[in-house]
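Visitor: Before we discuss any details, please display the sequence together with the model.

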Amino acid sequence: METDASDSEHVVPFQLQFDKPIASQVKIAEWNPEKDLLAMVTEDSKIMLHRFNWQRLWTISPGKSITSLCWRPDGKAIAVGLEDGTISLHDVEATEFQNNTGNSLVFEDRTPRFFPPAPRVPRTPGVVTSDASFMDDNEDSYRQLSNSSYQRFNILCSGDKDGSICFSIFGIFPIGKVNVHKFSVPVSNSDKTQHLLNASIYKVALSKDLCQLIVLFSGDLIESTAAASEADKVAGCGMHGLVLDTSVFGKRKNELHQLAQQASNIEDLTEVIRASLSVMSKQWTDAVQSFSQKFVSLDTLITDHALDSSPQEEFLSLLGGARTSPAVHQFLVNTLGEAGVKRVSKLVCGAGKELQRVVHDHLQPAAEIIAFRMGELRGLSRWRSRFQVIGLDETLVAHATEKSGMMLVQVERFMRVLTSVEQQFSNFFNWLLKCIKLLMQEPSDQLLPYNSELVVIFLKFLYNQDPVRELLDPSEVDHPVQADLETMQRVCDLVQFGGFSDTEYLRRTLAKEFQQMESSFKEAFLMPFTTISRKIHVVDLLPLFPLPSLPLSRSNVIPMSISYYEDDSEANENNFNDYICFRVPAESLSDDGNYIGIVRGFMHDQRNLKRGYSTLEAVLLSMPAGYNCADLSLYKDTQVVLLLNGMTNAPETPGDACMMIIQANELPFAPVSRSIDLSLWKMHHLQDSSACLQTENEKIRSIPYSVVAPLAVSATRGVACVFAARRRALVYILEEDEDEVLETEA
C-alpha cells in the first residue's frame, strides 16, 4: 500500500466538516443514496433525519427498540426494523412524488379512472390529534409514500435472529418467506449434505437484477451422509455466506408488480372497513346504552306501583288513550322530562346520522373499490401462462371476488336497517315529547308530528331489541340473523339465473360477512406467498471463518458490508460484481492476527463452477500495528472506508482513532478453492499472503479520541460520517467532492 510522496504533499484526504453533540449515543446511521440526507438511530430509539448542512428535518420515536435501518433505492422512503419483528415505512419529506417514467411497467392501474381517491380510516369520535400515533399525525405523508411506492417495483428483504428471511413488495405486501434452518445443501460429487442450525442473520443483500440474494449469518453448519449417526456428523460453528436463487423476482417482475399493487391496496381498504365497523359499533352501542339507562327506571316505577305489566304495554296503553298509569306519568314528567327526551334523542339519532356518514364516506367506497380490484385480479388469474406461475389461483380469486360482492350487498342491507331504525327512534321520541306536553298541559302545536303505527312497531320490535348492533357487534358474529323461508327460497331460485352461489348471506351479520371476505382474501393471497417461497432455494454456501461461541454478544458485533459494483470485464456476464467486506475476529485465525477480509465474485461463482472454473476471490488485510477495526463500509466503485481505533491500556485517556480509505480493486486478491471439507475455513489459506495496511497511506485522517460504530458513507456526496463515543457526530469530507462541500459550507 505504498503512495507517491509527491502526491501526498498537496492532497488533503479528509476534511472535518461538522462536529456536533448528540443527546444520545448513535447506534445506526445510513446516508440517503440519492439525496443529501442522513438518518440516524440513537440508543434511546429515536430516528433523526438531518440534511448535509446538519439541519434537522424531523425526529420520531416509534416507542420500540430499533434494530435496523435501510433506505429505499430511490431515496424517498426509509424502512425501520423494530424489535418485535415489524417493519415501518417512513416518508422522508411531505412532498408529492411523480411517476418514474424510466421504470414504467406494462400494467396500468385503472381504479382512479372510475373511483375518487380511496377513503381514509375514520377517526374515533372524541379522539383529538394529540392522542393519535405518529402515523396518524402524518396520514397524508403516509398516503403519498404508499402511492409513490406503487410506481416502482421494490422488494424489501429482512432477516431475523431465528433464521427466517422475509420478502415483501413495496414493504407492504408479503410475497415470500424462507427459513435457512430448513435448507439442505447437497455437496457436489458427494453423497453428503449440509444443514444449517442455530442460524442468526446479520446481513442480506439482493442483487440489482433481483435474481440472487447474499445472506451472511452465524450458526452451525452440519455436514453428514444419509446413513451417518449424530456422532459422525462434522460441525462448523462460525460465520457463513449463503446465496439464494431469487430469480422468480427478476423473471416475474411485471406479474408480481401487478399482483402486489392490487393486493396492497385491498389490504389498505380492508383496514378502512375494519376501522369503520369498530367505530360504528362503539358509537351506536354507547348511544343505545344511554337510552337503556334512561328508560330502565320505568321498570322500577312499574314494580313500585305493583303493576303487572311491561313498559311496552304501558306505553301502548298511553298511545291508545285507554289510561295513563301513575308509573308512566311519573316517569315522563318527573324522571325523564322534556330535556331528558331531547338529550337521549340527540344521542341516538345523532349516532344514527354519524353511522350513515361513516358508511357513506368510508365503508361503502372502500367496499366498492375492493370489489373492483378483485375483479381486476380475477381477470389476471385467468391469464394462466403468466400468473399461475406466481400462484394466482383462479378458483380462490373467484371465491374472494364473490365475497367482496356479498360485502356490498350486506352494506346496502345494513343501510336500509339503520335508516329504518333511526327513523323509528326519532318518531318514538317525537311522540314522547307530545305526551309530556299533554301531561303537563302545555301547548304542543310546535312539536314535530309522529306516526302512531311506527310507534307500535318500535315498541313491539325495537324497544328491547337492537338490529343495528346485531349486524355490527363482533361478539355476536356467530349468531345467525333470522330470515323467513320464503325470502331464502327466492334467493336460491335467483342463483339458477346466474350470480352469487352463496345463498346464506341473509343469515349473516355485516361483521360476519367482513370476516368471511377477509378470510377469502388471506386464502387467495397465501397461494402466491407459498408458491414464491417454494421457488427460492440455496445455490451456494461458503464458510468464511470460525467463531468460538454463539450467539455473539452485542458488544462483540462483527462489522460487515455487502455491495455491488459495475464490472465491465468479459468474465462477468452480469456487468456487476459483489463485494463482501468483514472484520475477522482475532480468535478465528491461528496466529491471532488483526484482519479485514474481502471476498468478491461469490454470487456468480456457482454457475462458473459448472463450467469448470471458479471466479471467487478473496484477500486478507492486516491492520496497522496498535489498531483494531471498529467499523467498515464499502464506498463508491470498489473503495473501502475503515474506522480504526488505537489500542490503549489507560481507560482514563480519550484514546485515538483514524479513518482510512483503500482501493479494493488494487488489492492482491487470490482465488479461493471450493473444498467440500467444512473443517477448512477459507480465510486460513490467505494468511500467508495477507496485505499489510500502513498508516502512512495518503487517504487517512487521525481522530483525537476513540470512536464507535456506526460508520455511514455516501456514494453520491463523497461523504464519510463517523460517530464518536462522546456523543459527538463527526462528518468528514473525502477529497473527491471537496469543492462542492466547501461551497455548501459557505
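Predicted model: local features only at pLDDT ≥ 70, side-chain atom pairs only at ≥ 80, totals over all residues.

Visitor: Within what arc do the buried residues of H11 fall, seen down its axis?

Guide: The buried residues of H11 are Val-455, Phe-458 and Leu-459. They line one face of the helix, because the arc, taken from the directions from the helix axis to the C-beta atoms, within which they fall is 95 degrees.

Visitor: Which helices are included in what covers the buried residues of H11?

Guide: The residues being covered include Phe-458. Among the covering elements, H6 spans 253–304 and H10 spans 394–439. The helices included in the cover are H6, H7 and H10.

Visitor: How are H7 and H11 oriented to each other?

Guide: H7 covers residues 311–320 and H11 covers residues 452–461; their axes are 10 Å apart, at an angle of about 170 degrees. Axes are lines fitted to C-alpha atoms, for helices over the stretch in contact, and angles run from 0 to 180 degrees between N-to-C directions. Angles under 35 degrees count as roughly parallel, over 145 as roughly antiparallel, 65 to 115 as roughly perpendicular and the rest as oblique. The two helices are therefore roughly antiparallel.

Visitor: How many nonpolar residues does the contact of H7 with H11 have?

Guide: Contact means heavy atoms within 4.5 Å. Gln-312, Phe-315, Leu-316 and Leu-319 in H7 meet Ser-452, Val-455, Val-456 and Leu-459 in H11. Ala, Val, Leu, Ile, Met, Phe, Trp, Tyr, Cys and Pro count as nonpolar, Asp, Glu, Lys and Arg as charged, and the others, Gly among them, as polar. By class, no residue is charged, two are polar, and the number of nonpolar residues is six.

**Backbone features**

Visitor: Is Ala-306 buried or exposed?

Guide: Ala-306 is found in the loop between H6 and H7. Its phi is positive, about 55 degrees, although it is not a glycine. With 67% relative accessibility, Ala-306 counts as exposed.

Visitor: What is the relative accessible area of Ser-45?

Guide: Ser-45 is another non-glycine residue with a positive phi, here about 60 degrees. Ser-45 is buried, its relative accessible area being 11%.

Visitor: What is omega for the peptide bond from Ala-709 to Pro-710?

Guide: Pro-710 lies in strand E27, residues 707–714. The bond that joins Ala-709 to Pro-710 is cis, with omega near 15 degrees.

**Strand residues**

Visitor: What separates Leu-621 and Leu-686 in space, C-alpha to C-alpha?

Guide: Leu-621 lies in strand E20, residues 617–622, and is buried at 0% relative accessibility. Beyond four places in sequence, Leu-621 touches residues including Tyr-595, Ile-662 and Leu-693. Leu-621 and Leu-686 are 65 residues apart in sequence, and in space they are separated by 9.5 Å.

Visitor: How far apart are the C-alpha atoms of Tyr-564 and Gly-601?

Guide: Tyr-564 lies in strand E17, residues 560–566, and is buried, with a relative accessible area of 11%. Its contacts beyond four places in sequence include Leu-206, Phe-576 and Met-603. Tyr-564 and Gly-601 are 37 residues apart along the chain, and their C-alpha atoms are separated by 9.8 Å.

**The chain and its confidence**

Visitor: What pLDDT does the protein chain average?

Guide: pLDDT is the predictor's confidence in each residue, from 0 to 100. Residues 1–12 stay under 50, and residues 127–150 are also below 50. In the protein chain, 78% of the residues score at least 70, and the average pLDDT is 80.

How values were computed
Residues numbered from 1 in each chain as written. Heavy atoms only, no water. Helix = DSSP H or I, 4+ residues; strand = E, 2+ residues; numbered from the N terminus. Buried < 20%, exposed > 50% of the residue type's maximum accessible area, 1.4 Å probe, protein only.
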